[in-house]
Amino acid sequence: RDFCLSRGLGDVYKRQLFGTPQAKLKGVPTHEYFEKYKNRLDIMLACAQAEADNYWQQPFGRRLCAAPAAFLRVAILARKAKKYEIEVAACELWSSIIYDYKTQDMDAAMVHKGPTSNAIVARLSKARELRNKARGQ
């Protein structure tokens with residue numbers, strides 16, 4: 001359950017080297033919420049937002065990737081609750097992060113190519129379909 005596995009070890013070491021802060025929710029690193037709250041949509045949503053905020057606050061060209069786990073948990077929990085708008089929003093937010101991450105000219109961990117990232121991206125089309133169906137489109 002080491003959070004390093006979801007981030008990629010390269011980004012963890014660079015985070016320490018560059019002094020980039022970890023994403024935190026109420027002063028606690030987001031990965032510490034997973035053991036107890038992984039089934040709470042509200043908390044996983046807050047963790048995903050904290051990861052996104054932390055990512056976008058970093059300077060372009062030196063952005064270390066957000067951890068994808070919270071985004072995947074939000075997508076899973078939102079679909080179970082039939083909250084398709086939330087699922088789509090989480091997947092789209094992750095997609096925007098990895099799109100930006102790939103455009104940087106730096107030697108970075110390949111978080112965007114990992115299984116968690118791929119699972120989030122793969123959910124997006126079905127999530128949009130379910131959202132549109134729920135809307136009656």
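Predicted model: local features only at pLDDT ≥ 70, side-chain atom pairs only at ≥ 80, totals over all residues.
View 1. Residues are numbered from 1 along each chain as its sequence is written, and side-chain values use heavy atoms, leaving out hydrogens and water. The partner of lysine 126 is glutamate 129, in a salt bridge whose closest N and O atoms are 3.5 Å apart (the term asks for a side-chain nitrogen of Lys or Arg within 4 Å of a carboxyl oxygen of Asp or Glu). Both residues sit in H7, three residues apart, about one turn of the helix. Glutamate 129 is partly exposed too, at 49%.

**View 2. Arginine 128 reaches over to glutamate 92 in a salt bridge.** The closest N and O atoms of this pair are 2.9 Å apart. Arginine 128 belongs to helix H7 (residues 115-135) and glutamate 92 to helix H6 (residues 84-103), so the bridge ties together parts that are 36 residues apart in sequence. Arginine 128 is partly exposed at 34% relative accessibility, and glutamate 92 is partly exposed at 33%.

**View 3. Arginine 40 and aspartate 42 make a salt bridge, while other charged residues link into a network.** In the arginine 40 pair, the closest N and O atoms are 2.8 Å apart. Arginine 40 is partly exposed, at 39% relative accessible area, as is aspartate 42 at 46%. Elsewhere, salt bridges join Arg79, Glu87 and Arg123 in a network. The structure has seven salt bridges.

**View 4. Helices H4 and H6 cross at roughly 20 degrees.** The axes of H4 (residues 41-57) and H6 come within 11 Å; axes are lines fitted to C-alpha atoms, for helices over the stretch in contact, and angles run from 0 to 180 degrees between N-to-C directions. That makes H4 roughly parallel to H6, a label for angles under 35 degrees. Leu41, Leu45, Gln49, Ala52, Tyr55 and Trp56 of H4 make the contact with Ile86, Leu93, Ser96, Ile97, Asp100 and Tyr101 of H6, contact being heavy atoms within 4.5 Å. The crossing is left-handed, meaning that the near helix is turned anticlockwise from the far one by less than a right angle.

**View 5. Lysine 26 and lysine 82 are shown for their positive phi.** Lysine 26, not a glycine, has a phi of about 55 degrees. It lies in the loop between strand S1 (24-25) and strand S2 (28-29), and is exposed at 79% relative accessibility. For lysine 82, phi is near 60 degrees. That residue is in the loop between helix H5 (69-80) and H6 and counts as exposed at 61%.

**View 6. The whole protein has seven helices and two strands.** These elements are DSSP runs numbered from the N terminus, helices being H or I with at least four residues and strands E with at least two. From the N terminus they run α-α-β-β-α-α-α-α-α. Of the 137 residues, 45% are buried. The protein exposes about 7700 Å², with carbon and sulfur atoms supplying 55% of it (Shrake-Rupley method, 1.4 Å probe).

Methods
Buried < 20%, exposed > 50% of the residue type's maximum accessible area, 1.4 Å probe, protein only. Parallel < 35°, antiparallel > 145°, perpendicular 65-115°, else oblique.
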